[in-house]
Amino acid sequence: MLLSIGMIVKNEEKHLRRCLNSIKPVLDAVDSELIIFDTGSTDKTIEIAKEFTDKVYEIEWRGDFSWARNQTIDKSTGKWFMYIDADEEFLDVSDMISFFNKGEYKKYKCATYRWRNILNDASAVDSSVVRLFRKGKDTRFQGRIHEFIPEDDPIKDLRSIANHYGYFNQGDEGKENMRKKHERNLPPLFEELKENPTDPRTITHLANEYRAAGNAQEYKKYLDMGMEVVGKDITKMFYHIFSYETLYYYNDMKEYSNVVKAAKEYLGTLKYPDKMPYVPQSVVPILCLYANALMSTGDYPQALTVAKDALVYFKLYEQGKLDAQITRFCPLPSFTLDNSEVHLKHVAFAYSLNGKFDEALAWAEEYRKQHNEKLGVFDIYAEEAVCRKRFGDIPRLLAYGIESGLESDNYHNVINAIEKECKDPQNKKDVAAAIANDTSLAKYDNDYVHLQRLRAYGDTPGYKEPLDYFLRSGKSFGQGHSEVIFYAMTYAEDFLPFLENSVITDTPKYIYSLINSLGFMETFVVAMQMDTRIKNSRSIKVNRIMAAIASTAYERKKATEQKEEYFELAMRLGHKLQGLMYKPEIYNAQNILSLSEQEAFTYFAGTAYACKDSGDLLGFVRGLRTAVNVYPHMKDIVWSVVNNVC
């Protein structure tokens, strides 16, 4: 027999069939056997096991994983032994099959496969665990928990991957499972630490137990203990493990300055960035954490250097040129080891944060080619500038967009990135002030620059020049300049030409967002009520905008005492707009029900207010009653208006 696969199980009916189905290709293709020891199941675990092998045995659980694993070794007849857990699922075993069937196993004494710990739906960490070994007469498992076989070189690192669901911690069931494992694992680990207080393996397991349990204080305590035990000897594997784990701790705690300090110290021991005498795979995620921390602390030039180095070492990892020994003891994030996405993003964003937009776009294009997805390099620049209150960086981005050409994608993407960060009113004011006060932008006679100047000056005399720019330009203006309407209605004597030149679609959506961000709603609502130019205008465009403003204003005020006033304004302007849009033979009492319920409601409500103007209160009430019969959704406001009249 070439290979024996051994398992110890208890109450694993949820996982066992999936696990055994995933390993069955190995059992079918390789001269092998499957041995399963059950330690006291009360579910269907044994029944499922017997579907796959007749070598199923029952033993009493003694609280010692090594002892139980050694029972499976004692029953095995293969030259090689492999141990797996019931909550694993192999994604691909072709590499493993080839290892045995092509005789490659003869060159090695041990082999690893990639053990992917699935933590939740969004994250996982990888280890290259030694799970296969050539069996000798003295081959025995060690350790009461997190048991292992002492390694013996040479070791083959297989690319086969097994998803491990034992530490899945999502949802109530997952969290309860983690709690139980934590309570189960701690006592034997404490016993082992008591027997050998300087054993770095036990200290590592204790640290990770507390990390998984979310106990940051105990986690850091054992990391510090481990660093004290191993010192700074780069020849000791656990030095690299504790260094990496400490860096990860600082990152989890968002202590980015400590990430930078720890990364510099660790990489310095490896003579980074010169040729390292020893390069473990952990260098890849360490450089990623380092680059991210530098971005977070605002050291963008150094972040770019480190992000590019991370990509270099990632490529070395892909070529199999980094030492994998650390991953036999220390889980590493699979996303940094398997996916170029992380590294390309870091480089693209680092270029962007440094204001090197051409280079950032080139890397973003490389990312798009590999992952078929666009990267918002302008978004990250604007977001970082606003987040750090570095509003003076925004003009640099805007100048780049303008220089790219007003019809270019770059220009529009730059504007969108800046506007995205202007949703907060205070940020909007600060961005506007930065652009308005930047002398380098004065040379651009640009619509967006003038809009930002208008925002910056607000109700001060400075508003006149940028507002006149829009009112007198004779150009058409699109969606992004909708708020000029409100400045114009508030301050300008003649704003109707601007409305006529505007190219505004989806008006209610934009009006609503602008009313939320601007503070003079009552001013322009009064203007709509009093301004004879608006009342007399027959322009569909002007009336559409006014109706949208009135409707949005009512939505904002319908829970206040002013609701009836705003409702009346919305109905009057809506009725007028529909009368301009439809022919009289359509827009009448006889045919109005052929239109939508909302349009019919507006018709009857609008004609009701016309009755009110002529002193016909009975006609007013009847019109509103008809309106609410057509569209009962508005009954509360209608009955409120009717009751006040009656």
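**Entry 1: a strand pair.** I began at Tyr113 and looked up its bridge partner in strand S7, which is Val129. This is a predicted model, so I am reading computed geometry throughout. S7 covers residues 124–134, and its pairing with S6 is antiparallel, over 9 bridges. The two strands make a hairpin, with 5 residues between them.

I then turned to the other partner I had noted for S6. Strand S8 (residues 155–164) pairs with S6 in the parallel sense, over 7 bridges. Here Asn117 stands opposite His164. Is S6 enclosed or open? I found 9 of its 9 residues buried, so S6 (residues 110–118) is largely enclosed by the rest of the structure.

Entry 2: Most peptide bonds are trans, and most residues other than glycine have a negative phi. I went looking for exceptions. The bond from Asp153 to Pro154 is cis, with omega near 0°. Pro154 sits in the loop between S7 and S8.

Lys254 has phi near 60°, a positive value in a residue other than glycine. I placed Lys254 in the loop between helix H8 (237–252) and helix H9 (256–269). With a relative accessible area of 60%, Lys254 is exposed. Lys389 also has a positive phi, near 60°. The loop that holds Lys389 runs between helix H15 (377–387) and helix H16 (394–403). Lys389 counts as exposed because its relative accessibility is 52%, and the cut-off is over 50%.

Entry 3: I checked the length of H8 against expectation. Its 16 residues should span 22 Å at 1.5 Å a residue, and the end C-alpha atoms are 23 Å apart, which agrees. H8 is mostly covered, with 15 of its 16 residues buried.

Helix H26 (residues 540–557) came next. Its 18 residues reach 25 Å from first C-alpha to last, close to the 26 Å expected. At the start of H26, a side-chain oxygen of Ser539 comes within 3.3 Å of the backbone nitrogen of Lys541. The buried residues of H26 include Ile545, Met546, Ile549 and Tyr554.

**Entry 4: the cores.** Which residues touch the most other members of the largest nonpolar core? I found Met546 and Phe567, in a core of 160 residues. Helix H10 (residues 283–296) gives the most to this core, with 11 residues. There is also a second, separate core of 37 residues, and among its members are Cys19, Ala86, Ala111 and Ala162.

**Entry 5: rings.** I searched the whole structure for aromatic pairs and got 31. One of them, Phe601 with Tyr631, is edge-to-face, at 6.0 Å centre to centre and 65° between the planes. This pair links distant parts of the chain, 30 residues apart: Phe601 is in helix H28 (residues 597–613), and Tyr631 is in the loop between helix H29 (617–630) and helix H30 (635–645). Phe601 and Tyr631 are both buried.

Tyr603 and Phe604 have ring centres 5.2 Å apart and planes at 80°, so I logged that pair as edge-to-face too. Both Tyr603 and Phe604 are buried. I also noted a cluster linked by ring pairs, made of Tyr554, Phe567, Phe601, Tyr609, Phe620 and Tyr631.

Last, I looked for charges over rings. The charged end of Arg18 sits over the ring of Tyr165, 4.4 Å from its centre. Arg201 lies over the face of Phe148, at 3.6 Å from the ring centre.

Notes:
Residues numbered from 1 in each chain as written. Predicted model: local features only at pLDDT ≥ 70, side-chain atom pairs only at ≥ 80, totals over all residues. Heavy atoms only, no water. Core = buried A, V, L, I, M, F, W, Y, C linked by side-chain atoms within 4.5 Å. Buried < 20%, exposed > 50% of the residue type's maximum accessible area, 1.4 Å probe, protein only. Helix = DSSP H or I, 4+ residues; strand = E, 2+ residues; numbered from the N terminus. Pairing = 2+ DSSP bridges. Expected span 1.5 Å × (residues − 1). Polar contact = N/O pair within 3.5 Å; in protein donor to acceptor, adjacent residues only side chain to side chain. Phe/Tyr/Trp six-rings, centres within 6.5 Å; stacked < 30°, edge-to-face > 60°. Lys NZ or Arg CZ within 6 Å of the ring centre and 35° of its normal.
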